[in-house]
Amino acid sequence: MKKVVAFLTIILSMIMLVSCGEDRSYTIDKVSIFAYITESGTINVRERYTYSFDGSFDGLTRDIQSSTSDFNAYLLPSHDLESIDDADDVQQLSTELENHEYKIYTKSQDETKTVLYTYEIHGSIEKYKDIGKLHYSFFNKDNQTDINDLMIAIVLPESVNMDDLHMFLREEGNGSIEEYTNALVY
């Protein structure tokens with residue numbers, strides 16, 4: 001009898017351990033960021049993230065370690081991943097800010113979603129007579145999730161003479177910067 005009870009206890013414990021383990025994960029499949037720098041030094045940002053969820057999730061987070069305003073999140077329809085011009089096709093998501101981390105509420109289960117974030121960044125550009133300095137990181141060093149297919153376009157004010165522009169990355173990375181008309185693309 002003791003052997004049967006011990007055997008059942010072991011089996012029940014194993015079943016509980018297996019059922020308690022969360023079998024969920026997500027990936028960030030694609031990120032496109034467009035940062036528009038204004039003459040005043042404000043940066044207007046539009047970020048398009050495509051997530052794939054395996055399991056059940058209550059929402060997303062976006063950590064921004066800078067002074068921001070007007071943060072909004074939109075769930076984009078699966079048939080149009082480029083714009084939010086048609087308000088009937090776009091769902092604005094509820095957000096909450098807590099210690100530089102925006103919580104975006106959207107339930108997800110075993111699906112792919114594309115979310116658009118829009119916000120303004122303040123105080124990350126220093127302007128001088130002969131030089132301007134952008135010191136901003138779109139991702140903090142604590143980021144633990146791999147980001148696949150990343151593109152960052154920094155669109156400069158029209159008054160910038162691209163012939164006088166010199167740019168470099170401050171941190172090591174394996175990306176490259178390409179110059180286009182009034183834009184730098186990483």
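In this predicted model, Phe-57 stands opposite Ser-108 in β6. The strand pair to look at here is β3 and β6: β3 covers residues 56-63 and β6 covers residues 101-109. These two strands pair in the antiparallel sense, over seven bridges.

The pair belongs to a wider arrangement. Ten strands form an open sheet of mixed pairing, and their order is β3-β6-β5-β4-β7-β2-β1-β10-β12-β11. β3 and β11 (178-180) stand at the edges with a single partner strand each, so one side of each has no neighbour in the sheet. From one strand to the next, the twist averages 25°.

The chain as a whole can now be set around this sheet. Its secondary structure comes to one helix and twelve strands. Among the contacts with a separation of 6 or more, 65% are between residues 24 or more positions apart.

Next comes the interior. In soluble globular proteins, nonpolar side chains tend to be buried together. The largest nonpolar core of this chain has 31 residues, and Tyr-117 and Phe-138 touch the most other members. Two or more residues of this core come from each of β1 (25-37), β2 (43-54), β3, β4 (67-76), β6, β7 (112-122) and β10 (150-155).

Apart from its neighbours within four places in sequence, Phe-138 is in contact with Ile-33, Ala-35, Val-45, Glu-47, Arg-62, Tyr-119 and Ile-152. Of these, Ile-33 and Ala-35 lie within the span of β1, Val-45 and Glu-47 within β2, Arg-62 within β3, Tyr-119 within β7 and Ile-152 within β10.

A loop residue gives a second example. Thr-42 sits in the loop between β1 and β2. Is Thr-42 buried or exposed? Its relative accessible area is 15%, and because residues under 20% count as buried, Thr-42 is buried. Setting aside neighbours within four places in sequence, Thr-42 is in contact with Tyr-36, Ile-37, Glu-120, Ile-121 and His-122. Tyr-36 and Ile-37 fall in β1, while Glu-120, Ile-121 and His-122 fall in β7.

The chain has 186 residues, and 31% of them count as buried. Its accessible surface comes to about 12,800 Å², and carbon and sulfur atoms account for 51% of that area.

Key. Residues are numbered from 1 along each chain as its sequence is written. This is a predicted model: local features need pLDDT of at least 70, side-chain atom pairs count only at pLDDT 80 or more; totals for chains, interfaces and linings use all residues. Side-chain values use heavy atoms; hydrogens and water are left out. A nonpolar core is a set of buried Ala, Val, Leu, Ile, Met, Phe, Trp, Tyr and Cys residues joined through side-chain atoms within 4.5 Å. Buried means under 20% relative accessible area, exposed over 50%, partly exposed in between (1.4 Å probe, protein chains only). Helices (H or I, at least four residues) and strands (E, at least two) are DSSP runs, numbered from the N terminus. Contact means heavy atoms within 4.5 Å. Accessible areas come from the Shrake-Rupley method with a 1.4 Å probe; for residues, only the protein chains shown count as cover. Two strands pair if DSSP finds at least two bridges between them. Axes are lines fitted to C-alpha atoms, for helices over the stretch in contact, and angles run from 0 to 180 degrees between N-to-C directions.
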